[in-house]
Amino acid sequence: IVLGILVPVLTVVVNVDSNLASYYPIWKAARENFGNLMLSNASYGIDMLAWECLFRGILLFGYARRGDPHTAIWAQTVPFFFLHASKPDSELIGSLFGGLICGWFCLRARSFWPLFILHWVQLMTVNSVSYALRVM
């Protein structure tokens, strides 16, 4: 359900936010070559797995095991937010609220795997829509 909402919303956001569209794909070679775009999107799977293991896996569940889910959610949200500081403003702001919601979701689901998939699809969507806007 979330993916069904996320993909169309991101498509609209990238079309409206020129800063986001001009920032992605980060790998310059993927901006004009479809094969490179697909390679970029696939490689982000490894990147997102590492991010989710660190933020939701180690930080979130590590703090949550100590008995304080609220601290656990903030403990993974704050560094997640700061690591988005070099990104467009809409992504930076979204990472704060997204980090909070994602932390809560992972604790409820007792897993970071659904969020890994969600985060990866999110990035592939932004990359692909930004690519499409360039080549059209």
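This is a predicted model: local features need pLDDT of at least 70, side-chain atom pairs count only at pLDDT 80 or more; totals for chains, interfaces and linings use all residues.
**How the helices pack**

Let us start with a general idea. Two packed helices are described by the angle between their axes and the distance between the axes.

| Helix pair | Angle between axes | Distance between axes |
|---|---|---|
| α3 and α4 | about 150 degrees | 7 Å |
| α4 and α5 | roughly 145 degrees | within 9 Å |
| α1 and α6 | about 35 degrees | 9 Å |

Take α3, which covers residues 34-64, and α4, which covers residues 69-82. How are α3 and α4 oriented to each other, roughly parallel or roughly antiparallel? Angles over 145 degrees count as roughly antiparallel, and α3 and α4 are therefore roughly antiparallel to each other. Their crossing is right-handed. On the α3 side, the residues that meet α4 are Trp51, Phe55, Arg56, Leu59, Leu60, Tyr63 and Ala64. The α4 side brings Thr71, Ala72, Ile73, Ala75, Gln76, Pro79 and Phe80. Sorted by type, the residues of this contact are eleven nonpolar, two polar and one charged.

Helix α4 also packs against α5, and this crossing is right-handed. From α4, the contact uses Pro69, Ile73, Trp74, Gln76, Thr77, Phe80 and Phe81. From α5, it uses Leu92, Ser95, Leu96, Gly99, Leu100, Gly103, Trp104 and Leu107. Here the count is ten nonpolar, five polar and no charged.

The last pair in the table is α1 with α6, and α1 passes α6 in a right-handed crossing. Val2, Leu3, Leu6, Val7, Leu10, Thr11, Val14 and Asn15 of α1 make the contact from one side. Leu118, Val121, Gln122, Thr125, Val126, Val129, Ser130 and Leu133 of α6 make it from the other. These residues divide into eleven nonpolar, five polar and no charged.

**The nonpolar core**

In soluble globular proteins, nonpolar side chains tend to be buried together. In this model, the largest nonpolar core has 23 residues. Which members touch the most other members of this core? They are Val14, Leu60, Cys106 and Val126. The elements that each give two or more residues to the core are α1 (2-16), α2, α3, α4, α5 and α6. Helix α3 gives the most, with six residues.

Leaving aside residues up to four places away in sequence, Val14 touches Leu20, Ala21, Val126, Val129, Ser130 and Leu133.

Is Ser130 buried or exposed? Its relative accessible area is 0%, so Ser130 is buried. Beyond residues up to four places away in sequence, Ser130 touches Val14, Leu20, Ala21, Tyr24 and Pro25.

**Two backbone features**

Most residues other than glycine have a negative phi, and most peptide bonds are trans. Two spots in this model depart from that pattern.

The peptide bond from Tyr24 to Pro25 is cis, with omega near -15 degrees. Pro25 lies in the loop between α2 (18-23) and α3. Both Tyr24 and Pro25 are among the residues that Ser130 touches.

The other spot is Arg110, where phi is near 60 degrees, a positive value in a residue other than glycine. Arg110 is in the loop between α5 (89-109) and α6 (113-135). It counts as exposed because its relative accessibility is 73%, and exposed means over 50%.

**Distance along the chain and in space**

How far apart can residues be along the chain and in space?

Leu49 is in helix α3. With a relative accessible area of 29%, Leu49 is partly exposed. Leu49 and Trp113 are 64 residues apart along the chain, and their C-alpha atoms are separated by 8.5 Å. Leu49 touches Phe112, Trp113 and Phe116, again not counting residues up to four places away in sequence.

Now look at Asp89, which is in helix α5. Asp89 and Arg66 are 23 residues apart in sequence, and 33 Å apart in space from C-alpha to C-alpha. Asp89 counts as exposed, with 58% relative accessibility.

Note on methods:
Residues are numbered from 1 along each chain as its sequence is written. Side-chain values use heavy atoms; hydrogens and water are left out. Axes are lines fitted to C-alpha atoms, for helices over the stretch in contact, and angles run from 0 to 180 degrees between N-to-C directions. Helices (H or I, at least four residues) and strands (E, at least two) are DSSP runs, numbered from the N terminus. Angles under 35 degrees count as roughly parallel, over 145 as roughly antiparallel, 65 to 115 as roughly perpendicular and the rest as oblique. A crossing is left-handed if the near helix is turned anticlockwise from the far one by less than a right angle, and right-handed if clockwise. Contact means heavy atoms within 4.5 Å. Ala, Val, Leu, Ile, Met, Phe, Trp, Tyr, Cys and Pro count as nonpolar, Asp, Glu, Lys and Arg as charged, and the others, Gly among them, as polar. Buried means under 20% relative accessible area, exposed over 50%, partly exposed in between (1.4 Å probe, protein chains only). A nonpolar core is a set of buried Ala, Val, Leu, Ile, Met, Phe, Trp, Tyr and Cys residues joined through side-chain atoms within 4.5 Å.
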